[in-house]
Amino acid sequence: MASDIPPPSTLRTRPTLLFRLRDWNDEASWTEFYRLYYQFVYGCARRTGLSHADAEEVTQDVFKRVAETVHEFEADPARGSFRGWLTNLTRWRITDKLRARRPHERYAARPSDDDRTDPVERLPDDADVNAAWDEEWQRHVLEAALARLARRVPAKHFQIFDLYRRQGWSVMKVARELGVNAASVYLISHRLTKHLKVEVEVIRARLA
């Protein structure tokens, strides 16, 4: 199956997405950045109990801050990895939003006595947060890689891969429902699994 997915060896020579974002007029890179990071930031905000509107506001604040400072990022090694910086930036904005809530808004969603604590106090400690967000990050990378893969291979091939590898259908059921032979299910699933691993590496390189 032909594919234009770049081999892993080419990844280190390509300009990172972070570097390309220094050009505010690079609309394609900013669109890609938003697509890759939006769900991660928004999802983290929602999981702390923020409403859709508040989570959207947090997300926009985070992206605004990135736009304001991304040109300085690589020049300051003390900031650490971009992933770590973005994670901390998201946490700070979430905390600010939680603290800005009026008292009755803080407790409205959880009225029981056991839950009537300040949402900021319910935030886990750094070790727990880092572990939970690392798991969220890995899930985010996988979903972004799957989305890229789905756009770059024939729709029927991705459907075969999804049903067999992700949804756990048997080979014979996939073959029967999609009108292909069992050998094709094995072959296509094997190829797309390899391509997915490459896409994951692409995403990690771009989000480095």
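F33 and Y37 both lie in helix 2, four residues apart, about one turn of the helix. Helices here are DSSP runs of H or I of at least four residues, and strands are E runs of at least two, numbered from the N terminus. This is a predicted model: local features need pLDDT of at least 70, side-chain atom pairs count only at pLDDT 80 or more, and totals for chains, interfaces and linings use all residues. Residues are numbered from 1 along each chain as its sequence is written, and side-chain values use heavy atoms, with hydrogens and water left out.

**Exercise 1. Classify the ring pair F33 and Y37.**

Step 1. Take the rule. Rings of Phe, Tyr and Trp (its six-membered ring) pair if their centres lie within 6.5 Å; planes under 30 degrees apart count as stacked, over 60 as edge-to-face and the rest as tilted.
Step 2. By this rule there are eight aromatic pairs.
Step 3. The ring centres of F33 and Y37 are 4.5 Å apart and their planes stand at 45 degrees, so this pair is tilted.
Step 4. Ring pairs link W30, F33, Y34, Y37, Y38, Y42 and F63 into a cluster.
Step 5. Check burial (under 20% relative accessible area is buried, over 50% exposed, partly exposed in between; 1.4 Å probe, protein chains only). Both F33 and Y37 are buried.

**Exercise 2. Find the buried face of helix 9.**

Step 1. Helix 9 spans residues 171-178, and V171, V174, A175 and L178 are buried in it.
Step 2. Seen down the axis, the buried residues of helix 9 fall within an arc of 95 degrees, so they line one face. The arc is that of the directions from the helix axis to the C-beta atoms.
Step 3. On the other side of helix 9, M172 and R176 are exposed.
Step 4. G179 follows helix 9, with a positive phi near 70 degrees.
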